[in-house]
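Here is a short report on a two-chain model. Look over the sequence and the fold, then read on.

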Amino acid sequence: MAQKASKTPVIRTLTTIAVVLLGLTFFMVSNAAGKKEKHLDDETRQCLRCHAEARYFLKDTVSGDSVIMKMYAELRIDPVNYLKGTHGAFKCTDCHSSDYATVPHPASVKFETDYTCLDCHGGDEAYAAFHFETIDEEYARSVHADSLKENFNCWSCHNPHSYRLNDAKVSITDKVAYDNEMCFNCHGNQVNFEILSGKKLPNLISNHDWLPNQALHFKKVRCIDCHAAQNDSLMVAHLIKPSKEAVRKCVECHSTNSILMSSLYKHSVKEKRNELGFYNGVITNEAYIIGANRNYYLNVASIGMFLLTLLGIIIHSTIRIAKARKNGDK
Amino acid sequence: METNKLYLYPVWVRLWHITNALMCLALILSGVSMQYSNPEFPFIRFDIAVSMHNISGIILSAMYVMFFVGNWSTSNGKHYRIRIRGLLNSLIKQARYYAFGIFKGEKPPFPVSKEMKFNPLQKFTYALTMYFFVPLVFITGWALLFPGMIITNVFGFGGIQITSLLHVTAGFLISLFLIIHIYFCTIGHSPSSNFKSMINGYHEPH
């Protein structure tokens with residue numbers, strides 16, 4: 001009996017720990033699942049039955065006639081990208097008229113006014129870090145606002161059905177590809193460019209012929225790093241300038257004071273040089289820029305070797321000259 | 001006096017040498033300008049420096065092929081062949097001469113002849129430069145000319161970064177070689193005689 005009594009508290013303690021651990025595990029799993037999972041509600045699913053497809057089925061409820069129609073690219077929504085996007089938690093009618101619930105959609109929905117970023121995010125403290133008002137001011141002075149007027153708005157670049165913020169975990173190369181895709185969507189697509197501007201698409205490749213290793217530049221640097229004026233208070237520059245005002249001096253990036261440190265690498269950990277002695281070391285995680293990434297230790301070593309060589313030559317030649325003079329005097 | 005002169009440098013060697021010298025100079029100047037580029041104090045405008053470096057590098061590569069083929073098909077190649085046996089002793093002997101003997105008026109331990117154009121120290125440094133550092137700078141230089149072909153990641157380091165470091169280091173050591181080479185060329189019959197030799201092909205005995 002005495003033995004049984006001494007075992008009971010141990011068993012009780014172990015049981016308590018096991019229950020607490022199980023509870024914690026359950027909480028963590030359900031919490032993680034809750035964070036990851038975004039669900040499409042029934043209403044959105046109903047919209048996506050047509051809008052997620054390349055073709056959709058339409059039936060006239062009066063006559064009973066049916067037809068298979070093409071869903072135009074700009075009206076198609078990828079459900080996966082929608083859920084991954086910043087606005088993925090919204091229902092369609094959070095932003096669009098409830099009249100869209102009627103199929104076929106009535107003509108009145110064509111007159112619906114799109115929300116702008118400021119309609120939801122303007123003056124909201126929760127989004128203060130994004131400085132939406134400053135973005136709006138910068139955009140208003142940009143070449144897009146100036147030349148395209150009301151034909152251009154936030155959504156021309158930022159697709160509200162898929163746009164997402166790239167956090168620090170996203171590699172610079174992926175960030176560049178994602179951001180440049182927004183520009184190439186028009187500047188690399190004749191149809192989209194013409195719809196917006198009514199002009200023929202200039203040849204993006206030949207216009208950048210002056211740029212050495214063009215493909216590598218396009219892969220490693222964002223268009224806006226050269227084509228937009230930087231603003232310290234903004235996460236991403238929005239003042240896109242006319243092409244003739246774009247950065248054309250190589251040295252603006254290819255130097256230790258590289259402008260890329262205040263644009264593309266703005267959010268990366270900054271240090272003048274990293275532990276291996278590379279200036280702007282954060283760039284060397286994914287790229288190498290001649291002139292911007294020289295190494296401090298190699299610099300010191302090379303200058304030291306160079307000076308020692310010169311010193312050696314000066315000493316040797318001085319003794320030679322002195323000896324030659326001495327022999328000449330004799 | 002004319003009979004003492006040795007014809008050591010045939011036309012192709014002299015043409016190769018002068019082109020090499022000019023291209024090396026262009027590469028060093030443009031290379032330093034790119035490496036230490038600064039918008040406030042531009043030495044050579046960056047895009048001009050890039051073009052200058054690329055063109056000079058391509059010409060120098062062609063010159064290296066000429067050098068390699070020339071050395072392989074003529075007797076000039078023998079001057080770059082190093083014999084390991086006794087190498088250290090002869091290197092020390094020549095270095096001692098440059099460090100002390102030359103000031104005492106001693107005769108060079110390895111006088112220039114048709115059979116031995118270079119002293120052991122020259123032979124060693126020329127061979128090391130021409131068969132190691134110059135090929136290294138060419139391979140890395142051509143790779144940097146087509147950076148898309150370079151392996152992206154090598155054990156956690158960027159391929160372009162490693163290639164660039166090797167290129168810059170090899171280029172710097174070649175620059176040091178060039179400076180020392182020019183200085184040692186002043187050691188001859190007269191300070192200018194070795195420079196004249198590379199123009200007329202005749203070496204004046206020291």
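## The second largest pocket

H5(B) gives the most to the lining of the second largest pocket, with eight residues. Helices here (H or I, at least four residues) and strands (E, at least two) are DSSP runs, numbered from the N terminus. A pocket is an open set of points on a 1 Å grid over the protein atoms alone, where a 1.4 Å probe fits, with protein on both sides within 12 Å along at least five of seven lines; lining residues have an atom within 4 Å of a point.

The lining counts 24 residues. Nearest the pocket centre lie B:Leu121, B:Thr125, B:Ile180, B:His181 and B:Phe184. Two or more lining residues come from each of helix H14 (296–329) of chain A and H3, H4 and H5 of chain B. By class, the lining has 18 nonpolar, six polar and no charged residues. Ala, Val, Leu, Ile, Met, Phe, Trp, Tyr, Cys and Pro count as nonpolar, Asp, Glu, Lys and Arg as charged, and the others, Gly among them, as polar. The space in this pocket is about 590 Å³. That volume is the space filled by probe spheres set on the points, with grid points joined across faces, edges and corners.

## How the model is read

This is a predicted model: local features need pLDDT of at least 70, side-chain atom pairs count only at pLDDT 80 or more, and totals for chains, interfaces and linings use all residues. Residues are numbered from 1 along each chain as its sequence is written, chains are lettered from A and ligands numbered from 1 in the order in which they are written, and side-chain values use heavy atoms, with hydrogens and water left out.

## Chain B

Chain B has six helices and four strands. Along the sequence they run β-α-α-α-α-β-β-α-α-β. Its C-alpha atoms fill a box of roughly 55 × 35 × 35 Å, taken along the principal axes.

## Where the chains meet

In chain B, 28 residues are in contact (heavy atoms within 4.5 Å) with 26 residues of chain A. The two chains bury about 2800 Å² between them, 70% of it on carbon and sulfur atoms. Buried area is the accessible area (1.4 Å probe) that two parts lose on being put together, summed over both. B:Phe103, B:Gln161 and B:Tyr183 supply 25% of the area that chain B buries against chain A, more than any other three residues.

Helices H1 (11–35), H2 (46–73), H3 (87–104), H4 (120–145) and H5 (159–184) of chain B each supply at least two residues of the side that touches chain A. H5(B) gives the most, with 11 residues. By class, this side of chain B has 20 nonpolar, seven polar and one charged residues.

## Backbone details in chain A

The peptide bond from A:Val103 to A:Pro104 is cis, with omega near -5 degrees. A:Pro104 lies in the loop between helix H4 (92–95) and helix H5 (117–121) of chain A.
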